[in-house]
2 protein chains.
Amino acid sequence: TLAAPAIAQENKKITWRLTSSFPKSLDTIYGGGETIAKYVREASDGNFEIQVFAAGEIVPGLQAADAVSSGTVEMCHTVPYYYVGKDPTYAMGAAIPFGLNARQTNAWHYYGGGVDLMNEFYATQGFVGFPAGNTGAQMGGWFRKELKTLDDMKGLKMRIAGIAGQIMSKLGVVPQQIAGGDIYPSLEKGVIDGAEWVGPYDDEKLGFVKVAPYYYYPGWWEGGPTVAVFINKDKFEALPKSYQSLLKTAAQAANCDMLASYDYKNPQAIKRLVKDGAKLRAFSQEIMQASYDAALGVYGDISAKNASFKKIYDNQLAFKRDAYLWAQLPEYTFDTFMMIQQRNGTL
Amino acid sequence: TLAAPAIAQENKKITWRLTSSFPKSLDTIYGGGETIAKYVREASDGNFEIQVFAAGEIVPGLQAADAVSSGTVEMCHTVPYYYVGKDPTYAMGAAIPFGLNARQTNAWHYYGGGVDLMNEFYATQGFVGFPAGNTGAQMGGWFRKELKTLDDMKGLKMRIAGIAGQIMSKLGVVPQQIAGGDIYPSLEKGVIDGAEWVGPYDDEKLGFVKVAPYYYYPGWWEGGPTVAVFINKDKFEALPKSYQSLLKTAAQAANCDMLASYDYKNPQAIKRLVKDGAKLRAFSQEIMQASYDAALGVYGDISAKNASFKKIYDNQLAFKRDAYLWAQLPEYTFDTFMMIQQRNGTL
C-alpha cells in the first residue's frame, strides 16, 4: 500500500464570542477576558479569535451564564456566585463568606479537586468552567456612619447580594440589590446606608468616598473570589484538542495575571482614597464573630436542602481547616514581621 | 497579477531541551518544568516539544543558567538567586531576604516592571527570563537545638547560601554550602547544627526531623521566591511569534500552578511532620530584627558597588512599602480572623 503523504494541516480558523459580566470601566476584571483572548490569539497565530464583549453589549452582565448555556455565545467571563439564585452550588466556584483566601482558592481548585467537582456541577448547566481571575480579599464596603456594635447593624440598608446578604439579614441588616451605576446616588440621598463593591482600585472610580467615607475591611464574604470562564459544553468538546488545552492554559495564566494586577493597583489606590478622605475602619470582632456564626447556620440550611452544594462545601471545608493551620506558620509570621517594619517606618 | 494562493502552513516542528535545576524527587518544583512542557506540547498539537532533563542529566543543577547562555540547551528551569555569585542582581529575579511575599512578587514582576527590569539584566547574560513558579514563604530550617537569643546564633554552623548566608554571618553564624543529599548525614553527625531547605512537603523527603527536630519559621530569606525559565536569547528570538507567546503564557500558568501545588501539599505535610516529632518554633523577634537590620546593611553595601542591583532593588522597595501597607487591611484581617477560628476549633 501507498504510505499516506504528510499533508500540511492549517490551524483551524475559529471565531468565538465571549460575553463579559463586567463593564469596560472596571478595566482590571473586564481586562481578564481580554487577556485570555490575547493569549489565545497570539499562541494560535490569530487562528483562534475570541471577540470580547462588555456587559450589556450582547446580554446583561448577570445573564452571561445563561447566554453560554443556550449557545448564544460560546463563552463568558463572570463570577460564578452571581448565579446563586439558580443554585447556591455556583458560589463554591467563586467564594463563600468566610471561605478561602486567593492562594488557598487556587490550591483547592487546581489540586484539591475543586475544578473537577465544579465541572460535575457545571455539566448540569450546559457548560465547562475554569478559574480565570481573582480579586484577592475585598473590602467590606462604604458606610455613611460608623458601625461599632451589632446594634449598629440592625436596620442598616446595605447594598449586598447573594449568600452574604442572607447572612447579613440574620444580623438585622436589610440587604439591597442595586446595580453599580445606581449605588452612588442611593448613598448620596441616604436611600441606603452602605454598599460593598470590590476594593480600592475599582471603588475609587465610583466616588463613594464623597458620600459614605467609612471604608470597612475585610469583606469577609470575599476572601479571594475566583472569576471564571464558562464555555458551552458542546462547543468546547467540538474544539480541536490543541485549542482546548490552549484555552485552559490561557485561563490559568489570566488567573495569575488578574490577581497580580489588583495586587499592584490596590496599594496605590488605597493611598489616594485616604488622601481623599476615606476613613479606614476594621469590622469589630463582635460583628465578625456574629457574622461567622450566622454563616455556619446558613451553610447548614443550604447543605440540608442541596446535596450538590453539600458535597463540594464539605470537600472544601476539610482543606480549609488544614490550610488555615499551615497559613499561621511561615506566611503569616513573615508578613507580620514585614508589616511591623512598615508601621515602624523601617521598611 | 495572479493572487498568491493560500498555502496551508504547518506548525513549525521544534524540539528543545530544558535543563532543570532540580532532581525528580522534588516533584513539585521539578514538576514545574514538566508543566510548561506539557502546556506547550498540547497547545501546539505536539509540534513544539520541550524535553525536560533533571539536574545532572545534562549539566549540574547550579550550572543551568550557564548552559542556556552558551546554547548547550535552549532553556532551563531554575531559581535566579542561585547565580548571585556571578552577580547579586540575579537575586532580584527570585527573592531577597525580607523581600516580597509570593503575591506581591507576582504583582511586581507582571505589573511593577519586574519582568522588564530583569530582562534588561538577563540580556547581558545571553538569555530572556520569565517567572515560572513560586514556593510561597519557606520555612527557616531544621536545627539540632533551640535558638532563643542572638547568642545562640554565634558560631552556629548552618547550611545556608547566597545573600542570606552573608546576612547570617553578620550575626555570627557560619554559613555552610552543602548539596541536598549531604545535609542529612552532616546534621546527624553534628558537622552542622542546622540546615534550611524548602518547606514541609520537600523537607519531609529528606528526613531531617529524625536528626534536627526544631523546625523554625519563617524562612525570612524567602518570602515568596520566583522560580524562572531562562531561554537562550538568540533561540527565543528565532522562534515563531506564536511559540514565543505560547511559551510566556505557559510559564505564567505554571507560575500559578506550582504555588497552588505547594499550597495544597504543605498543609498535609506539616501535620505529618508534627506527628513524626517536628517541634515547631518561631524565630524570636530579637533574631528577626537583628537579621533585618543586618540585611539593610548588606543591601547598602551591594547597592554601592552594583548599579544594576541598586536600580532594581530601589524599584522593588518603593512597591514593597505600599504593598505591605495595603496587605494590612483586608488580606491580613481576613486571614487573622480565619486563623482564630482554626485555633478555637470553630472552623
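This is a predicted model: local features need pLDDT of at least 70, side-chain atom pairs count only at pLDDT 80 or more; totals for chains, interfaces and linings use all residues.
Helices are taken as DSSP runs of H or I with at least four residues, numbered from the N terminus. Residues are numbered from 1 along each chain as its sequence is written, chains are lettered from A and ligands numbered from 1 in the order in which they are written, and side-chain values use heavy atoms, with hydrogens and water left out.

In helix 11 (residues 307–326) of chain A, A:Phe309 and A:Tyr313 are four residues apart and are thus separated by about one helical turn. An α-helix has 3.6 residues a turn, so residues three or four places apart point the same way. Over all chains, the structure holds 63 aromatic pairs, a pair being rings of Phe, Tyr or Trp (its six-membered ring) whose centres lie within 6.5 Å, with planes under 30 degrees apart counted as stacked, over 60 as edge-to-face and the rest as tilted. The pair of A:Phe309 and A:Tyr313 is stacked, because the ring centres are 5.5 Å apart and the planes stand at 15°.

By contrast, the rings of A:Phe121 and A:Tyr122 form a tilted pair, since their centres are 6.1 Å apart and their planes lie at 50°; both residues are buried. These two residues belong to a cluster linked by ring pairs, which also includes A:Phe22, A:Tyr81, A:Tyr90 and A:Phe230.

Helix 1 (residues 27–43) of chain B has 17 residues and spans 23 Å from its first C-alpha to its last, close to the 24 Å expected at 1.5 Å a residue, the expected span being 1.5 Å times one less than the number of residues. A kink of about 30° is centred on B:Gly33, where the bend is the angle between axes fitted to the seven residues ending there and the seven starting there. Because 12 of its 17 residues are buried, helix 1 of chain B is largely enclosed by the rest of the structure; B:Gly33 is among the buried residues, as are B:Tyr30 and B:Tyr39. Just after this helix, B:Asp45 takes a positive phi of about 60°.

Key. Buried means under 20% relative accessible area, exposed over 50%, partly exposed in between (1.4 Å probe, protein chains only). Helices (H or I, at least four residues) and strands (E, at least two) are DSSP runs, numbered from the N terminus.
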